[in-house]
Amino acid sequence: MKLFDGGRAPNPRRVRVFLTEKGLEVPLVPVDMGALEHREQPVSSRNPLQRLPVLELDDGTVITESVAICRYFEELHPEPALFGRGALGKALVEMWQRRMELNLLNCVSAAFRHVHPAMKEWEIPQIPEWGEANKLKTVEFLKFLDDELANREFVAGDAYSIADITGLIAIQFMKPARIKVPEDCVNVLRWHQAISSRPSAAA
């Protein structure tokens, strides 16, 4: 088994944080995305979409997409449960994971890819207006999230989950995307400080 890893890129980091929370070690194959190594044969032959991370199992089976990789390890190693417990718990984690991905991480990513000068050769066409629009969408969702976090410790309830991991990565990615958490989002700031203090946050 080996995990083709993209360093500080958001989706590879999601998997590394997840594995750290699980206490699992998987051999990593570093891929320099800055040098466009994810477009070369070792990655593209396993994932024609040329995206990371990519998990290759001992029998050669390939799993792509960060949440799918995390789900695989959750099934093999159910403790600690990071996808929820029971029918309701799992549904709530799935709901919030989707919300955090679609309304936060994806918006931050779009802002970065369509505005940052370093992405001009990656995001074709680069549409600055779309990037700026996603900055506004990000802030709007953070205000919604702030209200939700007023009465609970974690995004999907009382337990840390993959929804928190997605949120952690998204907010960290806001720095290069040049987006700030509004100062009045005190619950988001409290939650982010708490999950950032977990050892896994540095993975």
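This is a predicted model: local features need pLDDT of at least 70, side-chain atom pairs count only at pLDDT 80 or more; totals for chains, interfaces and linings use all residues.

Biologist: Okay, so which hand is the crossing of helix 1 and helix 4?

Modeller: The crossing of helix 1 and helix 4 is right-handed. Helix 1 covers residues 10-22 and helix 4 covers residues 86-115, and they pack at an angle of about 150 degrees with axes 14 Å apart. Angles over 145 degrees count as roughly antiparallel, so helix 1 is roughly antiparallel to helix 4.

Biologist: Which residues make the contact?

Modeller: Helix 1 brings Pro10, Asn11 and Arg14, while helix 4 brings Gln97, Glu101 and Leu105. By type, that contact has two nonpolar, two polar and two charged residues.

Biologist: New topic! Where are the cis peptide bonds?

Modeller: One runs from Leu52 to Pro53, with omega near 5 degrees. Pro53 sits in the loop between helix 2 and strand 3. Another joins Ile124 and Pro125, with omega about 0 degrees, and Pro125 is in the loop between helix 4 and helix 5.

Biologist: And what about the phi of Glu65?

Modeller: Glu65 has a positive phi of about 75 degrees, though it isn't a glycine. Most residues other than glycine have a negative phi. You'll find Glu65 in the loop between strand 4 and helix 3.

Biologist: How exposed is Glu65?

Modeller: Glu65 is partly exposed, with a relative accessible area of 47%.

Key: Residues are numbered from 1 along each chain as its sequence is written. Side-chain values use heavy atoms; hydrogens and water are left out. Axes are lines fitted to C-alpha atoms, for helices over the stretch in contact, and angles run from 0 to 180 degrees between N-to-C directions. Helices (H or I, at least four residues) and strands (E, at least two) are DSSP runs, numbered from the N terminus. Angles under 35 degrees count as roughly parallel, over 145 as roughly antiparallel, 65 to 115 as roughly perpendicular and the rest as oblique. A crossing is left-handed if the near helix is turned anticlockwise from the far one by less than a right angle, and right-handed if clockwise. Contact means heavy atoms within 4.5 Å. Ala, Val, Leu, Ile, Met, Phe, Trp, Tyr, Cys and Pro count as nonpolar, Asp, Glu, Lys and Arg as charged, and the others, Gly among them, as polar. Buried means under 20% relative accessible area, exposed over 50%, partly exposed in between (1.4 Å probe, protein chains only).
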